[in-house]
Amino acid sequence: MDTSEDILHQASPDLVRGSETARRKRAARLSPSFVSWLQAGPMMLVFLAFFLIPLVFVVIVSFWDYNEYQLLPALSGRGYTDTFEGCIAQLPELCTIAKTYLKTLKLCFMVWAITLFIGFWVAYFLAFHVKSKTWQMGLSLLCTIPFWTSNVIRMIAWIPLLGRNGLVNSGLMKTGLINHPVEWMLFSEFSVVLALVHLFTFFMVVPIFNSMIRIDKSLIEAAYDAGATGFQTLVNVIIPLAKPGIVIGSIFVITIVMGDFITIGVMGGQQIAAAGKIIETRVNALQFPAAAANAVILLAITFLIITMMSRIVDIKKEL
Amino acid sequence: MSETTRTTGVSRRTLLKGTAGLAGLAAGSGAITGFPYVKSADAKVLRYLGTAVNEGDDISKQCLKDTGIKIEYITATTDDVTKRVMTQPNSFDVLDTEYFSLKKLVPSGNILALDAKKIKEFDNITPVFTKGETPGGKKIGGQGTAPWKVLYLEGKDSKKFATSATEFVTLIPTVYNADTLGIRPDLIKRPISTWAELLNPEFKGKASILNIPSIGIMDAAMVVEASGKYKYADKGNMTKEEIDLTMKVMTEAKKAGQFRAFWKDFNESVNLMASGETVIQSMWSPAVTKVRSMGIPCTFQPLKEGYRSWASGFCVSKGVSGAKLEWAYEFVNWFLSGYAGAYLNRQGYYSAVLATAKAHMEPYEWAYWMEGKPAEKDIKAPDGSLLEKAGAVRDGGSYEDRMGGVACWNAVMDENDYMVRKWNEFIAA
């Protein structure tokens, strides 16, 4: 859509000054690839300074030794060997780290499946059933409501709702459905998944909605004209075209849940293990190399999952 | 399309140029950077790093009024305070921290011991800190990192704790307390007298402990010992086998569903108890008071095995010297001079210098908080809200009874690293 001239205008403000001919000459010298580097440059620098370099440090520190009060910059695998302690000796029983990751992956899968299901249909509703742009905007803003209060307040607010003497329990008791308060609703996997779904469905809705809104409506009409049922249109037209959104949303949700320890901690009554929780405990005990080693392991596993997902859909191509 | 892009593009550029110019002008002029510098040269400011325990607004206001020193609070959790001392020793002046973290802080060399001779009230500090006994002469349990074991250094820059009194004090004592289990008497409906009750199946799904490993393990050890399963040589410094045993008992209880939740934050503990999610749990004194002030019965239950105690005090960052060091001494001296001590006593903590605090309290307040006598009048919190009606008696009674009943102190063990790993295992079980 934009001509290369337009791109140049945005990229290098100085070029518009000066005579038209001089401008042409200078513009000719800038190759398009240089311009795209220039455009990506600022983000790249931020990424380098605040992500890649710290990450390199984390990896380096993960191979250091430590004592009660300081890091010892000597090559040591202690952070890793401690982490995998008992993984072979305890067999067939699982070691701490394996148990923790199994639990984290289980929670992650449940949250992913539920947010995908809910998020897909919310996005579908917004994209195909809500006709006016204003309403689409307004309704998607509504999805951000869970973020309007602080994490801690939101967590505390679940107690009067799901707790032993909470609203749901007293409601169920009054209707006579149960005699004793149900306890599994709070400080359990159920409450963890509920809180995570409540928070992160939004991250599914937005990218899927974004993909759906760009589907050419004439394709759907064509499917209809060709005699496809609603279900066939959904499976053969909409889902394939919404795939990039689904994958991006999934990456958001999976990376957030894999690293979460605050929501899992508070909603799980601090009794449910999480990969992030191990890191937190280690950091709090000033065992930075061990924490760094755990961070590297978490990163590797999350990266693996995302690589697998991008094998399924080539996001670069689809965008 | 391309036409409109061009026009908006131009106007955006002009705007950007304009703002950048302005910003550059402001940054270059020195007017902005110069201002706070001039101001800070006049005012006496101390950056005060600590947990929320001692950090009342009333205390800093009164301090400014009395001494002209402006206190800037940097509030963090116990763990984060330690982390900050290790990683950013220049980000604070005065440090308010617990004695048990000294085993980490002193070897790091990031803190500076204070000179006892410059502390006016040092000789009047309660013998709890200096001798390990109450003013009435009761011997206090010394398991764990008891303050008198780590109170003195061998020399000014020494990293070794002295066994007898020297003038180099690691932390000038400020506040301490004796902790125990909090219970909901209205829901339990029978007397509770031992730590072992925490794992009583009667309270299945209604118990809780602290999820701070170094404190939680002490509570766990009190329970294990009370239930007669094992007797530790020193609960505050377990061997690997003892850690394994303690965690095994706790893990079995966890798997059986004994615990409703673990808590980490003051407010979490209040919420668990007030909502009835738990009926018995490790707790801190002001949290019990808070539940009670909501009109919900809650008792800070004295138990026959005794209390788990903690204590904190002041030192300064190694970077503090000259005039700033003098202000730090002035501030510490002011802190021990009574106002702050009375303030802490009224919250249910104990102040390090009893005599000065007493002078700042009403006799009926002193009788209630320190002597364990029934309240003659309504007892009010420092902010004026009602804590107890006339006639109430403090849980656990007098200072002598409570501090005299201390069995162990919060600790950092030699096997801390192993303990933390086992704690993670316990959470994952």
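Modeller: Here is a quick run through chain B and a few of its strands. Keep in mind that this is a predicted model.

Biologist: Fine. How many helices and strands are there in chain B?

Modeller: Chain B has 18 helices and 15 strands.

Biologist: And what box do the C-alpha atoms of chain B fill?

Modeller: Roughly 80 × 65 × 50 Å, taken along the principal axes.

Biologist: What share of chain B is buried?

Modeller: Of its 429 residues, 46% are buried.

Biologist: What about contacts in chain B between residues 24 or more positions apart?

Modeller: They make up 70% of the contacts with a separation of 6 or more.

Biologist: Now strand E7 of chain B. Where does E7(B) run?

Modeller: E7(B) covers residues 172-183.

Biologist: Why is E7(B) described as largely enclosed by the rest of the structure?

Modeller: Twelve of its twelve residues are buried, so E7(B) is largely enclosed.

Biologist: Which way do E7(B) and E11(B) pair, parallel or antiparallel?

Modeller: Antiparallel, over seven bridges. E11(B) spans residues 307-317. One pair to look at is B:Tyr176, whose bridge partner in E11(B) is B:Ala311.

Biologist: What stands opposite B:Tyr176 in E12(B)?

Modeller: That is B:Tyr350. E12(B) is residues 350-351, and it pairs with E7(B) over two bridges in the antiparallel sense.

Biologist: Move along to B:Gly182. What is its bridge partner in E10(B)?

Modeller: B:Phe300. Three bridges join E7(B) to E10(B), residues 299-301, and the two strands run antiparallel.

Biologist: Which way do the E9(B) residues point?

Modeller: E9(B) is residues 280-283. B:Ile280 and B:Ser282 point one way, while B:Gln281 and B:Met283 point the other.

Terms used
Residues are numbered from 1 along each chain as its sequence is written. Chains are lettered from A and ligands numbered from 1 in the order in which they are written. This is a predicted model: local features need pLDDT of at least 70, side-chain atom pairs count only at pLDDT 80 or more; totals for chains, interfaces and linings use all residues. A residue is buried if 20 or more other C-beta atoms lie within 10 Å of its own, exposed if 12 or fewer, and partly exposed in between; C-beta atoms are placed from the backbone. Helices (H or I, at least four residues) and strands (E, at least two) are DSSP runs, numbered from the N terminus. Two strands pair if DSSP finds at least two bridges between them. Two residues are in contact if their C-beta atoms, placed from the backbone, lie within 7 Å.
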